[in-house]
Amino acid sequence: MEVVRSQTDKTWSAQSLSSLLGLVLVLLSSYVLRRYSNSKFKNLPPGPRYNVLGLTGTLSSLPPWERFHALHKLFGPVMSFYQGRTPVLVLGSIQAATDLLEKRGGIYSSRPRSIMAGEILADSMRAVPMPYGPRWRKWRTIMHASIGTEGARNFKPLQSLESKILLRELLVAADPSAYPPLLRKINHETDEAFARSVSLCIGTMDISYINGVFSQIQHAREIYCGIVAFPIKALQWFRYAPERQRKIDVKNYVTFINEVRQKVAQGSAQFSAALKAIEKQEELGFTDAQISYAAAAPFNAGVGTSLASIEVFLMAMLHHPHVMKKAQEEIDRVVGPNVLPEFDDAPRLPYVSAMIHETMRWRPIIPLGIAHSVITEDTYNNYYIPNASTVFANLYSMSKDEEMFPNPDKYEPERYLNPDPKLPKPNTTFFFGFGRRICPGMHVAQNTLFIAIARLLWAYDIVPPKDQSGNRILPDPNDFDEGLVIHPKPFKYHFILRRQSAKALIEAEYGQALVDAEAWM
Ligand code: HEM
């Protein structure tokens with residue numbers, strides 16, 4: 001009996017399994033047929049009909065932005081492919097990105113859904129993956145008030161004293177191996193100078209307090225980045241750990257905002273993103289957790305970016321000493337040897353300003369921008385763009401546009417000073433993205449770069465080391481770490497004081513910077 005039943009069971013299971021498989025096949029093929037026989041889908045922008053990101057073969061050795069760049073040459077500046085079931089659109093020209101991400105910003109300003117990192121870990125309170133909609137618009141008003149054109153001016157004193165401290169630290173650095181950690185401070189990746197970034201968020205430079213904050217926010221950020229980097233963790237059944245982490249993050253973030261509230265009550269609060277978030281809380285109808293995450297956004301999104309641009313600048317100086325000399329001549333002529341360059345000098349230092357644009361153009365440090373997502377189907381140049389397509393602005397390709405930037409591989413600030421009137425005007429913002437999601441920290445970033453670069457060039461020559469035969473050892477200008485934000489691989493350089501008389505001024509300014517920093521304690 002047992003044997004018969006077991007045989008019957010086996011037959012039954014085999015039959016049901018094959019019917020089930022049949023059903024799945026029928027459903028799948030009808031889905032595929034429906035989808036691809038749909039004439040609209042036949043009209044997608046051209047491109048390889050496979051997942052370019054999961055590519056094998058010759059192109060696979062290239063980072064994704066270079067892969068896309070190579071494919072743009074075959075398929076044109078607007079191309080598409082599928083990543084799983086999601087259509088992906090890649091825009092390789094400033095024109096296409098402006099037409100879609102900017103002019104049709106009402107439908108191209110969302111982000112691809114981020115279930116684990118955005119929704120589960122952060123309850124959609126994190127800025128970068130936040131979907132486009134009323135909550136994002138409210139969040140953006142806090143960014144506008146705190147780090148927009150006007151708000152960014154409030155951080156200039158902070159950026160100024162930060163760069164003075166850097167000049168002095170480079171002066172007393174034991175040897176060149178000490179430079180990278182000092183430079184990292186300018187991007188707030190170490191506890192002490194991180195204070196300046198936290199002060200941007202919550203308005204304090206109290207180092208012992210900051211040290212505590214640093215480890216907590218940095219830890220939360222690392223977990224977020226880890227989830228983004230390892231998609232396996234994005235599967236929902238691993239949700240327990242991020243849910244637990246979210247509770248910890250919310251508690252920490254709200255603690256910071258409450259400390260700012262206390263300072264507001266005592267009348268000692270400095271300008272910061274948190275201050276603006278608190279001021280706007282009632283009007284926006286945000287919870288404490290929501291305003292705390294908003295206040296932390298400049299830290300979470302801004303870390304690593306200014307540093308990467310300064311590293312690119314240093315690399316450019318090693319390769320193009322004549323550009324460095326030209327900028328120094330301008331600084332010496334306009335500012336002179338007896339005072340440091342100030343923010344107010346910027347209009348009279350056009351070469352330095354052009355150099356900053358060129359640094360960001362030459363090697364865009366976020367080469368694929370941050371992916372947008374379209375919230376309704378659209379057509380562009382007769383191509384069909386399905387709802388929920390992921391959209392990448394390939395900033396790398398844009399930086400190589402031969403028409404707008406002739407000889408794009410050359411580092412040439414002059415292209416911004418004397419543009420050829422017959423060519424399209426060189427764009428000065430594409431490296432910050434496009435449309436409604438354009439980087440809200442761009443003014444803060446530009447100010448950091450201006451004051452740091454102008455003062456570094458006022459004080460120091462940046463020179464490469466030499467080998468035993470006296471040959472300059474130069475870094476490979478294309479050797480970068482991969483990631484959302486890319487950094488040149490570590491390379492060696494020296495800061496050589498340009499004149500002995502600068503020493504006394506650097507020391508005096510450093511002393512004053514420490515006194516000024518007290519205001520943020
Ligand atoms: C050289 C420095 C920087 C570069 C090149 C840069 C570039 C970018 C780019 C390309 C995007 C994506 C824009 C898009 O989606 O189209 C972005 C987004 C963002 N950036 Fe920056 N950034 C820099 C510095 C900063 C700084 C210093 C802050 C904060 C103070 C900041 C805050 C943000 C935020 C919050 C977003 C997300 C905006 C949103 O999703 O609505 N960035 N940035």
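Trainee: How many aromatic pairs does the count come to here?
Mentor: The count comes to 15 aromatic pairs. Keep in mind that this is a predicted model.

Trainee: OK, what kind of pair do F405 and Y416 form?
Mentor: A tilted one, with 6.4 Å centre to centre and 50° between the planes.

Trainee: And what does that pair tie together?
Mentor: F405 is in the loop between α19 (395–399) and α20 (414–417), while Y416 is in helix α20, so the pair joins parts that are 11 residues apart in sequence.

Trainee: Is F405 buried or exposed?
Mentor: F405 is buried, since its relative accessibility is 0%.

Trainee: Then what about Y416, buried or exposed?
Mentor: Y416 is buried too, with a relative accessible area of 13%. The cut-off for buried is under 20%.

Trainee: Let's move on to F431 and F432. What sort of aromatic pair do they form?
Mentor: That pair is edge-to-face, at 5.5 Å centre to centre with 70° between the planes. Both F431 and F432 are buried.

Trainee: Which residues do ring pairs link into a cluster?
Mentor: The cluster takes in F405, Y416, F430, F431 and F432.

Trainee: Switching topic: what lies over the face of W362?
Mentor: R363 does, at 4.1 Å from the ring centre.

Trainee: And which residue lies over the face of W458?
Mentor: For W458 you'll want to look at R499, which lies over the ring face at 5.1 Å from its centre.

Key. Residues are numbered from 1 along each chain as its sequence is written. This is a predicted model: local features need pLDDT of at least 70, side-chain atom pairs count only at pLDDT 80 or more; totals for chains, interfaces and linings use all residues. Side-chain values use heavy atoms; hydrogens and water are left out. Rings of Phe, Tyr and Trp (its six-membered ring) pair if their centres lie within 6.5 Å; planes under 30 degrees apart count as stacked, over 60 as edge-to-face and the rest as tilted. Helices (H or I, at least four residues) and strands (E, at least two) are DSSP runs, numbered from the N terminus. Buried means under 20% relative accessible area, exposed over 50%, partly exposed in between (1.4 Å probe, protein chains only). A charge sits over a ring if NZ of Lys or CZ of Arg is within 6 Å of the ring centre and within 35 degrees of the ring normal.
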